[in-house]
Amino acid sequence: MAMTEQNLMRKKMANTIRFLAADMVQQANSGHPGAPMGLADIAVVLSEHLRHNPKNPKWLNRDRLVFSGGHGSALIYSLLHLWGYDLSLEDLKNFRQLDSKTPGHPEYGHTEGVEITTGPLGQGIANAVGFAMAAKYTASQVNSETCELIDHKVYCLCGDGDLQEGISYEACSLAGHLGLDNMVLIYDSNAITIEGDTSIAWSEDVAMRFEAQGWDVKKINGHCYDEIDQVLNEVKTATKPTIIIANTIIGKGAGELEGSASTHGAPLGGDIIAASKAKEGFPAASFYIPEDVLLRFRCAIEQGDLAEKQWIQLHKQAPLIEQNEAMNRLLNPDFVAIKYPDFTQSGAMATRDSNGQILNAIARAIPSFVGGSADLSPSNKTELKNLGDFPKGRNMHFGIREHAMAAITNAMALYGTVIPFNATFFVFSDYLKPSARIAALTHIQNFFVWTHDSIGVGEDGPTHEPIEHISQFRALPNFYVWRPADATENVEAWKTALTIKAPHGFVLSRQKLQTLKPKRDFGEVANGAYIVKARKNANFTLMASGSELMLCLQAACHLEVLGIKANVVSVPCLDLFNEQEHDYKTTVINPNTKVLAVEAATATEYYRYADDVLGMESFGASAPADLLFEKFGFSIENVMKRACALMDVPYRRVDLGKC
């Protein structure tokens, strides 16, 4: 049957995308042409349905479009240029080149129009769920029965690889459970991965999988414009999340390579590209965009601008003034209004407990502050009391899905109206490391609450004792790890963290820690490290974080009898201390003193400042915490022995109790 005039135009637009993608990869001699060429037809029709504004990429009520497969970057960049975002044809020609706006995988904050850095496969699916959840929470706060200020969709393009990654199971299971009817997953089902046909490693029924998870399942020919258009109209009135299984051909239009795994991650070759262009009546010139095609795509500018202006007008006419006030409170959190708890008169308290009180204080003042735990809130102490459950309330129950939880909250943090936190045991941060890394890479202010910080976990044994974890997160650029020594430090840590647009990890104790006197001899928590106890004419420095700070304070008393006058430095955030000016660092850690760092972890990162480090050199064991600290050398006696060895002073026992 002959194509309609509309579909002939759609085909021309799709071929433009295909050849732009092929030219980008060919010129860079690097990249992935297959997925962009296979998805071009869907991209064209989706352009007709997508509500966005190239003149204002941050318009709040825009549809979100997430590309879970970052290797489809040539498609993303082609669309952004064609739609009229700040991405020129010259930028397309500089694909994958140094300092270009078109890096190998799209990065949030680097290229206008990219909603989030998806990175590893599957991340984007969880990110899309996060956007959908943020939209649902926001809508619950600002919409009324007669005026919906938030009513957009979240679209996510994914492939076979995304669905094979475990994070997609976690995220889609949660989306189905929550009934996120604003979520549309478009599955590019081309049955090809890098090694060849997916049948070599994958044979599940994807439709049945999603039906079992509570999704609406649609199946289409991903190259039939009418089917694509029809299903995109249908999902606008969906009552649950929808997956559109689009059967496509990888490398569509790539001549003899069409449908081949060889199109996935390598240039097609000049001859094949030239022949493919000739077959479709395109000139051989690279980066050619027909004028009528560009005009059609650039309609997005006027349509998006009009849609935003209509939304702004709706905002002004919202029937209840409370709606606009609620929106303003979400968009402009008043951190000054937070009434933090005063722990100065408190006795011993686990930092997970003080943290729970701090979270609740923030939430009471900040309506945008939401979050939850991976099924551990009673132990993580993260319940926001009397503030209800998602979507209308603040508590989010992520279930035992650490990886999806972190990727979901990454997206929530970028949505615009939500300040999220997530929580689990510190040892389980292994499960969410890829998402934490993406948060650091793209400066996402996501708050990670990690309890059970060390061998203090005790009887749970080495499987639950995170001896190496704090080192790996301190090694992560642009990620701030906080390990407060008491409840008061915990408050100051949160005050600082809320001002820094980056991810933060709060590593908190299960065991009770003595609340320190409020006096600090020099410096502030906000600087990452400070002298908590100074001695006149100090010739030694002890530095520690968390539960080991009190140990160092006690050891310093005993050492003074031996002629070792030790300043004691608390290090709640080594990452922040690393960023301080040299003069401040040398005032906190006197360069004329020997330095011993003490931490119940691998702690090798302290060698930047310390002459010796008393840390963990093995996995832990199962026993009461006090016995474990003694077994692994975290005792007054052992700290003294290490200090005496550094100072070349004979060690002898000093019976001062715990002073």
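Here are a few questions and answers about spots in this predicted model.

Reader: What should I know before reading the numbers?
Author: Residues count from 1 along each chain as its sequence is written, and side-chain values use heavy atoms, leaving out hydrogens and water. As this is a predicted model, local features need pLDDT of at least 70, side-chain atom pairs count only at pLDDT 80 or more, and totals for chains, interfaces and linings use all residues.

Reader: Is Phe-287 buried or exposed?
Author: Phe-287 sits in the loop between helix H10 (270-279) and helix H11 (291-316); helices are DSSP runs (H or I) of at least four residues, strands (E) of at least two, numbered from the N terminus. It's not a glycine, yet Phe-287 has a positive phi of about 60 degrees. Buried means under 20% relative accessible area, exposed over 50%, and partly exposed in between (1.4 Å probe, protein chains only). At 6% relative accessibility, Phe-287 is therefore buried.

Reader: And what is the relative accessible area of Ala-191?
Author: Ala-191 is in the loop between strand E3 (183-189) and strand E4 (192-193). Though not a glycine, Ala-191 has a positive phi of about 60 degrees. Ala-191 counts as partly exposed, because its relative accessible area is 27%.

Reader: How exposed is Asp-626?
Author: Asp-626 belongs to helix H22 (residues 625-631). Asp-626 counts as exposed, because its relative accessible area is 56%.
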